[in-house]
Amino acid sequence: FREQPIFSTRAHVFQIDPNTKKNWVPTSKHAVTVSYFYDSTRNVYRIISLDGSKAIINSTITPNMTFTKTSQKFGQWADSRANTVYGLGFSSEHHLSKFAEKFQEFKEAARIAKEKSHEKMELTSTPSQESAGGDIQSPLTPESINGTDDERAMPEVTQNSEPRAEPTQNALPFTHSSTISKHWEAELATLKGNNAKLTAALLESTANVKQWKQQLAAYQEEAERLHKRVTELECVSSQANEVHTRKTELNQTIQELESTLKKKEEEIERLKEEIDSARELQAQRNSLTQKLQEVEIRNKDLEGQLSDLEQRLEKSQNEQETFHNNLKTLLEILDGKIFELTELRDNLAKLTECS
């Protein structure tokens with residue numbers, strides 16, 4: 001479950017003709033599901049669409065991609081890695097606008113992830129500048145981001161006719177309470193996985209902060225010692241020029257240490273912000289857990305109501321069956337009485353004729 005769908009819609013899928021680079025070639029006979037997927041391990045967003053078991057779209061979103069609306073119900077984007085241009089025909093302008101908004105949102109997220117990856121790579125590749133102890137860097141690993149920096153120029157395409165698409169199906173209605181429970185259980189499992197990762201990152205950041213605080217204290221002690229040493233040298237040394245040179249070197253060393261201290265303080269502030277973000281995610285997880293509990297309680301109430309209705313229905317059926325049996329018995333008795341009355345009428349008629 002590393003890669004999860006985060007948004008889905010339905011559309012007719014097209015690709016640009018590789019020969020003419022102008023005409024559209026349909027890749028699906030009817031509207032199919034087109035979904036955005038997110039890979040949390042590599043921090044990558046992809047657009048995927050299947051026609052049966054065949055993948056007709058498998059496009060990784062990069063910061064240089066652009067989604068263009070060419071009409072009220074048609075949009076396109078170029079994928080240099082696949083060396084093609086994809087086109088989507090929607091059933092309405094609203095569905096097209098929603099898909100374009102999600103494209104822009106995930107494109108921006110891919111850009112931010114790429115920048116963070118570059119920053120982490122620069123941090124891990126920067127050589128140590130410290131003479132004693134060295135820099136203690138956070139064990140950050142650059143994330144793998146699919147995509148290229150240079151996108152090929154999008155060929156000009158012509159749209160002969162606007163494709164029709166089936167209505168969007170962003171979400172299917174849940175027709176049974178057990179389906180709702182399974183959905184929230186899946187959401188909770190995902191949140192638990194994210195929470196475990198955040199907890200590990202938080203512990204790692206806390207350990208790094210402690211190490212950096214210890215290093216800062218060592219730097220401060222070293223600075224104080226150097227200041228005292230400078231004072232002693234100024235008092236003891238009889239060679240003013242040598243003392244001045246030594247003082248200049250020590251002052252330069254102190255400046256370098258102060259610069260290092262400033263960088264470490266900035267790094268500590270950044271880690272504090274990450275910790276605050278992790279706490280916010282924890283609060284969201286607790287909120288979703290509470291909602292899941294409420295849904296489970298509601299599910300139990302609905303199951304109780306359903307059981308009660310089944311019992312009442314069974315009782316009603318039994319009463320109706322009894323009523324039918326009684327009615328049948330009454331009808332048989334009535335038929336016998338009618339037959340007796342008929343015989344009595346015939347006898348009276350005979351007596352009347354005889355008299």
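Me: Buried means under 20% relative accessible area, exposed means over 50%, and partly exposed is in between (1.4 Å probe, protein chains only). With that in hand, why does E249 count as partly exposed?
Reply: Its relative accessibility is 41%, so E249 falls in the in-between class. The model is predicted, so local features need pLDDT of at least 70 and side-chain atom pairs pLDDT 80 or more, while totals for chains, interfaces and linings use all residues. Residues are numbered from 1 along each chain as its sequence is written, and side-chain values use heavy atoms, with hydrogens and water left out.

Me: What makes E249 and R246 a salt bridge?
Reply: The closest N and O atoms are 3.5 Å apart, and the rule asks for a Lys or Arg side-chain nitrogen within 4 Å of an Asp or Glu carboxyl oxygen, so the pair qualifies. Both sit in helix α3 (residues 240-354), 3 residues apart, about one turn of the helix. R246 is partly exposed too, at 40%.

Me: Why is E267 called buried?
Reply: Its relative accessibility is 18%, so E267 lands under the 20% cut-off. Its salt-bridge partner is R270, with closest N and O atoms 2.3 Å apart; R270, at 28%, is partly exposed.

Me: Why is the pair of W77 and F103 called tilted?
Reply: Ring centres (Phe, Tyr or the six-membered ring of Trp) must lie within 6.5 Å; planes under 30 degrees apart are stacked, over 60 edge-to-face, the rest tilted. Here the centres are 6.1 Å apart and the planes at 50 degrees, so tilted it is. W77 is in strand β7 (residues 74-79) and F103 in helix α1 (residues 93-125); both are buried.

How values were computed: Helices (H or I, at least four residues) and strands (E, at least two) are DSSP runs, numbered from the N terminus.
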